[in-house]
Amino acid sequence: MTAGKRPRSPRKARYDVVIVGGGAIGLSVAHHLAKLGVTDVLVLDKDSLVKGATGRNGGGVRAQWTTTENIQLAKRSIEAFKHFATDTGHNIFFRQGGYLFLTRNEAQLAALRKAAAFQNDHGVRTRVIELEEARRIVPGLDTSGCVGATFNPDDAILFPWPIVWGYKEAAERRGVEVATFTSVEGLDVEGERVVAVRTNRGRIQCDWVVNAAGAWSRGLAQMVGLDLPVKPERHEILVTEPLKPFLDPMLVDLSTGYYLNQDMRGELVGGMGTHTEESMDWSSSLEFMRAFAKETVRLLPRMGPVRVLRQWAGSYDKTPDAKPILGVAAKGPVNLVQANGFSGHGIMISPMVGRLMAQLVAGRKPEMDLKPFALERFEGPLEPDPMVIG
Ligand SMILES: Cc1cc2nc3c(=O)[nH]c(=O)nc-3n(C[C@H](O)[C@H](O)[C@H](O)COP(=O)(O)OP(=O)(O)OC[C@H]3O[C@@H](n4cnc5c(N)ncnc54)[C@H](O)[C@@H]3O)c2cc1C
């Protein structure tokens, strides 16, 4: 066991706030709580950090969405990412090279046009562009079969791991504790409140519990009889050997759910939304590698000889409308906050989600309306966002 993987047990038997899950979301909540002066906070993770989706994702950050609330979460998070290093002391290699969306079908192009107009109305600089311009933005791009594209130059990529290190260390400097290899196995409820979490390292009393357990969050809520429509959805992803920088934006083919970006080391990182199933199986498949390679060569024929370094998988915590569940559920304990169901885009909104959940727990008025993210929305008609990849 390396030093970084040594278990860190909770020091006390009572905290004001216990956050279950030490991914980008749980640690963002902890960091923002500490900034608001709430520092008697314990973050618990059943494993070492970055083992969940936060350590397994594509690092894409974008404001190209089609609901007001998704755009607001993303736009404000993009602003926060720009200041992440000064806020926490860690470099996340945030690079605004834009997101280039391609499509191969007319109905989807019409939806992209509508989405661009909506985004413009919300201050997002998305443009519907000609395929010729798409080829200028991505040298060597083959747009055969594509019918149109949109581009927002302010979208970005980042390296997700330092989000965890940054939020963790900044929160710890203010007094927050983070305990790893500490699994929550039960929640004790008295009346309408959770009064303690039961862990493999003992019982911990608390005033608030935050369920930031990602793909495991449904199981956690079930401990108090609350049913969250959050399912683990398996997604594969890979990284190639490093190349000279050539790919500025995140390249997305919306028709196939394909995405590709070039990270700060020159490696290409990408996946495909079409290869999914409800599963926590994180093994890698040759089938994915083949399908991904085929799509890559179709879009970027020069990439044929490029070697794959590594492939891996992870699970989205998917909701029926791919929007997160945020806040206290009407039918659950009054001090149990949900911050889960992020589907394929939790990293990009983690700063703002952390801020909102911290405001809620600290007794302040959250700066955004949380109603569109309430668990109760699943009782009525849903408003899925067509800009979801995969
Ligand atoms: C292949 C892939 C690509 C993706 N690409 C992107 C992208 O480009 N952009 C983007 O924004 N998002 C992307 N995502 C989604 C993003 O990674 C997630 O939305 C985000 O990481 C969620 O963070 P989290 O903190 O909620 O969950 P996690 O990082 O999964 O953290 C949850 C933590 O809870 C802990 N836990 C669970 N149960 C318990 C328990 N009972 N007791 C204690 N601890 C517990 C787990 O160990 C885990 O560490 C992608 C995801 C995948 C899988």
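A charge is taken to sit over a ring if NZ of Lys or CZ of Arg is within 6 Å of the ring centre and within 35 degrees of the ring normal. Bear in mind throughout that this is a predicted model.

Select Arg265 and Phe159 to begin: Arg265 lies over the face of Phe159, at 5.9 Å from the ring centre, a distance that is within the 6 Å cut-off.

Next, select Arg62 together with Trp65, where the charged end of the arginine is placed over the tryptophan ring, 3.8 Å from its centre.

Now turn to the aromatic pairs, of which the count comes to 9. One of them joins Tyr99 and Phe101, whose rings are tilted, with 5.8 Å centre to centre and 40° between the planes. Are these two residues buried or exposed? Tyr99 has a relative accessible area of 3% and is therefore buried, since buried means under 20%; Phe101, at 0% relative accessibility, counts as buried too.

Finally, select Phe288 and Phe292, which form another tilted aromatic pair, 5.6 Å centre to centre and with 35° between the planes. Both residues belong to helix H8 (residues 286–299), and because they are 4 residues apart there, about one helical turn separates Phe288 from Phe292.

Key
Residues are numbered from 1 along each chain as its sequence is written. This is a predicted model: local features need pLDDT of at least 70, side-chain atom pairs count only at pLDDT 80 or more; totals for chains, interfaces and linings use all residues. Side-chain values use heavy atoms; hydrogens and water are left out. Rings of Phe, Tyr and Trp (its six-membered ring) pair if their centres lie within 6.5 Å; planes under 30 degrees apart count as stacked, over 60 as edge-to-face and the rest as tilted. Buried means under 20% relative accessible area, exposed over 50%, partly exposed in between (1.4 Å probe, protein chains only). Helices (H or I, at least four residues) and strands (E, at least two) are DSSP runs, numbered from the N terminus.
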